[in-house]
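Let us walk through a protein structure together, one step at a time. Keep the picture in view as you read, and look for each part when it is named.

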Amino acid sequence: ILRYQNDITIIIFYTMENKEYLYKGAIVNGFIALFFQLIIIPVAMYFTISTAIADPALMVIMIVASIVLGLFWFIMLFGYMTVEPNQARVMVFFGKYKGTFTKTGFFWVHPFMEKKQLSLRARNLDVAPIKVNDKMGNPIMIGLVLVWKLKDTYKAMFEIDSQTMVNANSAATTGSFIAGRMKAFEHFVAIQSDAALRQVAGHYAYDNNNNEEGESITLRDGGEIVNSTLEEQLNERLSMAGIEVVEARINYLAYAPEIAAVMLRRQQADAIIAAREKIVEGAVSMVKMALEKLDNEDVVELDDEKKAAMVSNLLVVLCADEPAQPVINSGTLNH
């Protein structure tokens with residue numbers, strides 16, 4: 001940002017803080033924790049109960065100890081978690097973000113830590129064609145396909161209201177919770193993709209026809225330039241949710257049905273005009289060559305009037321859509 005004060009240029013740089021970081025808290029291998037829960041705690045409970053039976057004086061203390069061990073055994077059941085490749089766990093402790101855990105395997109963390117599961121794998125989204133107006137105001141149908149994935153788990157979980165989207169999504173109740181959460185992100189990407197597609201389509205004309213400015217880049221033949229612009233717009237809109245667009249391409253482009261027939265006739269007319277121009281150009285060169293060969297080889301001498309008549313006849317023969325009907329002249333060239 002540039003600000004001018006007393007002819008002095010002040011440059012102020014703003015950097016966006018990356019709030020995502022790796023989880024540094026205590027974590028135990030899941031198999032070690034499982035061995036402790038299934039072997040150590042039951043054995044401790046057995047000796048506690050045996051001691052209480054053998055010594056009635058310690059009955060109350062041993063019963064309390066057994067209850068505590070039983071509760072600890074039960075609470076441990078909620079601390080296990082598995083992390084597959086390209087998956088992450090967002091660790092939240094009573095509402096406070098504690099980091100993101102991405103190491104794959106089977107682990108145990110204390111049960112009071114909430115472990116929100118996210119998928120970092122790439123996903124496809126095929127946006128159905130929508131009706132928009134191009135730069136010239138013509139209604140067109142345009143669609144896109146994109147590949148996206150989560151890049152920043154902190155933004156994905158806390159910068160947008162993903163929890164509300166999950167609760168409103170049917171996948172959260174009929175399938176796994178992670179599937180519902182990722183479905184919510186997909187819904188968010190679809191809405192933002194629709195807005196970005198409308199914005200990009202409004203910056204370019206469908207083609208160069210009736211383009212007074214003579215703009216060379218159009219939606220129909222812009223290719224990589226239009227796709228690159230679309231990808232930039234999507235990344236700008238989705239960065240707030242920690243989502244990265246890997247690739248975005250326009251996969252459907254056509255005129256809207258109400259003007260498709262008119263535009264087809266216009267394209268046909270343009271094609272006919274272009275073909276006629278090519279035919280006339282070739283016919284003129286052939287007529288010129290014919291006149292030059294007649295003069296150079298002294299086949300016949302023609303005055304200007306005869307040359308004009310010959311040029312007219314040759315052009316009719318060469319440019320006509322149907323074969324010309326010959327007319328035999330039985331007279332002489334002098335009359």
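This is a predicted model: local features need pLDDT of at least 70, side-chain atom pairs count only at pLDDT 80 or more; totals for chains, interfaces and linings use all residues.

Residues are numbered from 1 along each chain as its sequence is written, and side-chain values use heavy atoms, with hydrogens and water left out.

Now for the overall view. The chain has 9 helices and 11 strands; helices (H or I, at least four residues) and strands (E, at least two) are DSSP runs, numbered from the N terminus. Buried residues make up 32% of the 335 residues in the chain. Here, buried means under 20% relative accessible area, exposed means over 50%, and partly exposed lies in between (1.4 Å probe, protein chains only).

Let us return to the salt bridges. In one of them, the side chains of Glu114 and Lys116 meet at 2.9 Å, N to O. Glu114 is partly exposed, with a relative accessible area of 41%, whereas Lys116 is buried at 12%.

Next, find helix H6, residues 177-201, where Asp194 and Arg198 both lie, 4 residues apart, about one turn of the helix. These two form a salt bridge, with their closest N and O atoms 2.8 Å apart. Asp194 counts as partly exposed at 22% relative accessibility, and Arg198 counts as partly exposed at 40%.

Which residue forms a salt bridge with Glu224 at 2.9 Å between the closest N and O atoms? The partner is Arg249. Glu224 lies in helix H7 (residues 224-238) and Arg249 in strand E11 (residues 243-255), so the pair ties together parts that are 25 residues apart in sequence. Glu224 is exposed, with a relative accessible area of 51%, while Arg249 is partly exposed at 32%. Glu247 joins in as well: Glu224, Glu247 and Arg249 are linked in a network of salt bridges.

Let us turn to the nonpolar cores. A nonpolar core is a set of buried Ala, Val, Leu, Ile, Met, Phe, Trp, Tyr and Cys residues joined through side-chain atoms within 4.5 Å. The largest one has 39 residues, of which Leu146, Trp148, Leu150, Phe185 and Ile243 touch the most other members. Several elements each supply at least two residues of this core, including strand E10 (139-150), H7 and E11. Helix H6 gives the largest share, 9 residues. Apart from this core lies another, of 8 residues, among them Met81, Phe107, Val109 and Met113.

Finally, look at a sheet. Here 3 strands form an open sheet in the order E3-E7-E4, with antiparallel pairing. Strand E3 (28-29) and strand E4 (80-83) stand at the edges, each with a single partner strand, so one side of each is left without a neighbour in the sheet. Two strands pair if DSSP finds at least two bridges between them; E4 and strand E7 (residues 105-108) pair over 4 bridges.

Notes. A salt bridge is a side-chain nitrogen of Lys or Arg within 4 Å of a carboxyl oxygen of Asp or Glu.
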